[in-house]
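Colleague: I have not looked at this one before. Can you take me through a few spots in it?
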Amino acid sequence: MIELILQRFSDKFISKWLILIFDLLIVLLTYPFAFIVRNNFDLQNFDSNHFSLSRFLFLLSVYLISFLYTQSYKGVIRQTGLKDAFSIFKAATIAVLGLILLSFILDSYSQNHLSFSRNTLVIHYLITLLCLLSIRFLIKSVYLSFTKSGSGIRRIRVIIFGSGAMGELTRQTLSKEVAKTYEVVAFLDDNPTKCGKVQDGIPVLKPDNVLNPDFIKSRRIHQLIIAVQNLSIEKKKAIIEAGVELGLKVKVVPPAKNWIQGELTSKQIKNVRIEDLLERDPIKLDSTNVIKELRGRVILITGAAGSIGSEILRQVTHYKPKKIVAVDQAESALHEISLELHPYIQKLNVSVEFIIADIRDEGRVKNIFEKYKPEIVFHAAAYKHVPLMESNPYEAVKINIFGTKLIADFSVQYGVEKFVMISTDKAVNPTNVMGATKRVAEMYVQSLHQQGSSTQFITTRFGNVLGSNGSVVPLFKKQIEAGGPITITHPEITRYFMTIPEACNLVLEAGAMGNGGEIFVFDMGESVKIVDLAKKMIKLSGLTLGKDIEIVFTGLRPGEKLYEELLADKENNLPTHHPKILKAKNAGVDSELLGYQLKILEQKLEDHEDFSLVAVLKQIVEEYRSNNSVFAKLDK
């Protein structure tokens with residue numbers, strides 16, 4: 001009953017003025033006791049003159065002024081902490097020092113009726129301080145005991161990785177939680193000097209002794225919270241993996257800079273995301289080169305409302321270009337990114353033009369180049385979804401090839417210094433229309449470089465981007481939220497993954513380091529098995545495969561590969577000054593032949609006949625072999 005009342009009024013607080021009155025009452029009641037203690041509990045020496053009304057009013061006045069000055073009465077009693085205790089200590093200390101000083105001054109007057117015994121004042125100070133602190137911590141303890149020990153509330157048993165300041169702060173934050181009952185069972189720490197010790201009544205243990213099935217089951221652990229901020233990525237992944245495998249809900253304490261008003265709350269301790277398990281050491285930009293490349297320049301970004309284009313736009317604004325021209329045909333998406341960036345654009349004093357345009361519209365594109373005269377072009381506009389492009393070759397060819405050709409040609413005509421094209425790993429030994437069209441686009445910009453164009457044409461090539469529109473992670477999240485099943489095309493399918501900021505870091509770095517003609521690829525580490533990715537996402541969601549949710553294999557989609565590649569058979573990778581970026585060296589392009597083939601391809605567009613379009617694509621890209629597609633018959 002008491003517990004329900006406390007929970008119902010958990011958001012109600014006692015008036016600070018009532019707390020002030022209560023504190024003054026303690027000051028008043030402890031003075032007679034202090035006097036008795038001063039006289040060794042000898043009541044025969046009890047002198048009523050020491051308890052006059054004027055003396056009491058004088059005592060209360062000094063303490064009142066001190067309480068008001070230090071504002072010690074403003075703390076929430078049930079959340080009393082070290083800061084509150086120090087505030088009370090400061091208030092009582094100032095008051096007793098003030099009383100002693102005033103007593104010395106008043107002793108000089110012969111008719112003084114307000115003088116206090118200094119010994120009595122010190123004893124009174126100690127007793128008052130003890131009572132003020134004890135009562136507060138007692139109330140806090142009783143409150144937490146009632147709200148957290150009820151049989152109707154499930155106790156969430158937690159282990160915290162990290163016993164340092166951040167770990168202790170995490171424990172204190174959990175102890176203040178009212179809506180849930182957390183019980184910290186142990187701290188985990190790799191420091192051998194800490195292991196085996198007890199911290200605030202909680203043992204500090206080695207991770208290996210805790211992160212095992214026997215300990216987790218015997219202690220009924222529910223959650224693992226990672227409270228160390230400077231963990232290496234590999235160590236962090238290993239801890240998360242271990243927790244997930246043990247069926248724990250794994251959470252991470254955010255960096256202090258992300259805390260709300262400098263304070264950590266339990267709501268800020270977030271669940272681990274699948275992105276944390278795919279995380280790698282982040283790319284470190286050579287900001288000096290990028291600043292030199294972008295500052296004071298006019299920059300054109302196509303596909304500026306897409307996943308990659310919008311992130312390039314976000315990052316480029318921080319390098320203070322003269323002007324950014326953000327082009328996309330998606331009206332709503334471009335409007336959203338313009339609203340998002342508006343405060344940053346104003347703060348950084350960067351001029352950004354948001355333009356609705358189709359890169360296939362020759363007149364419109366020419367007008368943009370003529371009006372803004374861009375110096376650097378980041379070309380991110382493209383159709384990218386493999387199954388859709390397999391069903392719509394016309395659109396893939398029109399946008400990915402001839403849209404790129406139009407932007408590239410105007411870049412040459414209007415003297416653009418650098419043209420950075422965003423390509424894909426699907427352009428390597430393509431098995432689908434989308435990949436083949438991106439490879440043709442790569443070949444075309446390479447041919448312009450070979451023809452001696454003053455524009456430096458640079459290509460960046462990377463794999464799947466986490467969180468981008470249509471990528472597998474958001475799809476799996478939606479399927480899990482809907483109760484499943486999770487659909488995967490093949491049990492053996494694998495993919496490379498990178499984050500959107502990583503991809504855009506690569507684009508900016510490539511633009512800075514490239515001299516023209518290069519295809520830069522990112523060292524993406526190990527490829528990830530999609531079925532393993534799905535299983536980890538299920539565990540992170542607190543569900544059990546086969547019990548709460550199922551995985552269904554639907555078969556490879558048209559044009560889909562089992563394994564992606566970053567380098568074609570005829571290419572060799574060369575190192576660059578950046579350890580995570582490689583340069584693909586290829587055999588070059590027959591520019592004259594490619595020009596002739598593109599004219600044929602453009603003529604075939606007028607027929608709107610898919611097979612004839614794809615047949616020409618296969619002539620241009622000799623290594624293009626359709627996989628699980630109706631166009632496979634063209635390979636025979």
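Colleague: Where does Lys197 lie?
Modeller: This is a predicted model. In it, Lys197 sits in the loop between strand S2 (181-188) and strand S3 (198-199).

Colleague: Is Lys197 buried or exposed?
Modeller: Lys197 counts as exposed, because its relative accessibility is 52% and the cut-off for exposed is over 50%.

Colleague: What does Lys197 touch?
Modeller: Leaving out residues up to four places away in sequence, Lys197 touches Ile202, Pro203 and Val204. A polar atom of the Lys197 side chain also lies 3.3 Å from the backbone oxygen of Thr193.

Colleague: And how are Lys197 and Phe187 separated?
Modeller: They are 10 residues apart along the chain, and their C-alpha atoms are separated by 9.9 Å.

Colleague: Backbone next. Which residues does a cis peptide bond join?
Modeller: Gly484 and Pro485, with omega about 0°. Pro485 is in the loop between helix H18 (472-481) and strand S15 (486-488).

Colleague: Where is Asn429 found, and is it buried or exposed?
Modeller: Asn429 is in the loop between strand S12 (418-424) and helix H17 (433-450). Asn429 is buried, with a relative accessible area of 12%.

Definitions and conventions. Residues numbered from 1 in each chain as written. Predicted model: local features only at pLDDT ≥ 70, side-chain atom pairs only at ≥ 80, totals over all residues. Heavy atoms only, no water. Helix = DSSP H or I, 4+ residues; strand = E, 2+ residues; numbered from the N terminus. Buried < 20%, exposed > 50% of the residue type's maximum accessible area, 1.4 Å probe, protein only. Contact = heavy atoms within 4.5 Å. Polar contact = N/O pair within 3.5 Å; in protein donor to acceptor, adjacent residues only side chain to side chain.
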